Amino acid sequence: MIDAVIFDLDGVLVDSESLWDQSRREVVEETGGRWLPDATEAMLGMSSTEWSAFLHDRLGVPLPPDEISDTVVERVLAHYRERLPLVPGAVAAVRRMAERARLGLASSANRPVIDAALALAEVDNLFEVTVSSEEVARGKPAPDVYLEAARRMAVSPAVCAVIEDSANGIRSGLAAGMTVVAIPNPHFAPPPELLRSAAAVLSTIDDLTPEVLT
């Protein structure tokens, strides 16, 4: 029996991966760093502490990691204030699931980005807890952010379902001992063998209904 549904944010509710990628690329280019071909995929699921260190150490951005993170976040927030790139059907899905279970959110996004996205989408009141990877020791694929969400909700991981789109997100949910529902990211599709580990694989978030969890 599933008592809690814990959503990812980027790629599940908000089509924002391209904005994060664009913002990081701009900071790298404007500060004289060097973008690497595998940088985008390497940073999927990383916490802000991890990806800002990656920009500094691997991509040569000559700013302190905290400043790198703040600069990228401000750019992403500016995009959100102009137009929040909601995934079609995301708000309706959140409202459907809220009628069936307690809701949480566990995201690699920074705290200000999480709060802004949910407020702009007008669903912030439906989430009992939200956790940013910057608030735990390790980002995805480590289970920390999902385990922290369950801890704050005072529920066992065994009765939690995770809604994820990326390979590292799926790995994180599985490592936390939770039921994983995958909605594969069309731009960074998880490998087929990993998708076979999910309890359900959906084409779009429109297919996410309480019946999927029964």
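Which residues line the second largest cavity? They are Leu9, Leu13, Val14, Leu86, Ala90, Val91, Val94, Ala117, Leu118, Ala121 and Val123. This lining divides into eleven nonpolar, no polar and no charged residues. Helix 5 (90-98) and helix 6 (111-120) each supply at least two of its residues, and helix 5 gives the most, with three.

The model is predicted: local features need pLDDT of at least 70, side-chain atom pairs count only at pLDDT 80 or more, and totals for chains, interfaces and linings use all residues. Residues are numbered from 1 along each chain as its sequence is written, and side-chain values use heavy atoms, with hydrogens and water left out.

A cavity here is a set of points, on a 1 Å grid over the protein atoms alone, where a 1.4 Å probe fits but cannot get out; lining residues have an atom within 4 Å of a point. Helices are DSSP runs (H or I, at least four residues), numbered from the N terminus.

The structure holds two cavities of 30 Å³ or more:

| Cavity | Volume |
|---|---|
| Largest cavity | about 230 Å³ |
| Second largest cavity | about 60 Å³ |

Now to the largest cavity. Its lining has 22 residues, and Asp10, Glu17, Leu44, Gly45 and Ser108 lie nearest the centre. Helix 1 (17-30) and helix 8 (167-175) each supply at least two lining residues, with the largest share, four residues, coming from helix 1. The lining divides into seven nonpolar, seven polar and eight charged residues. In this sorting, Asp, Glu, Lys and Arg count as charged, Ala, Val, Leu, Ile, Met, Phe, Trp, Tyr, Cys and Pro as nonpolar, and the others, Gly among them, as polar. Each volume is the space filled by probe spheres set on the points, which are joined across faces, edges and corners.

Methods: On a 1 Å grid over the protein atoms alone, a cavity is a set of points where a 1.4 Å probe fits but cannot get out, and a pocket is an open set with protein on both sides within 12 Å along at least five of seven lines; lining residues have an atom within 4 Å of a point.
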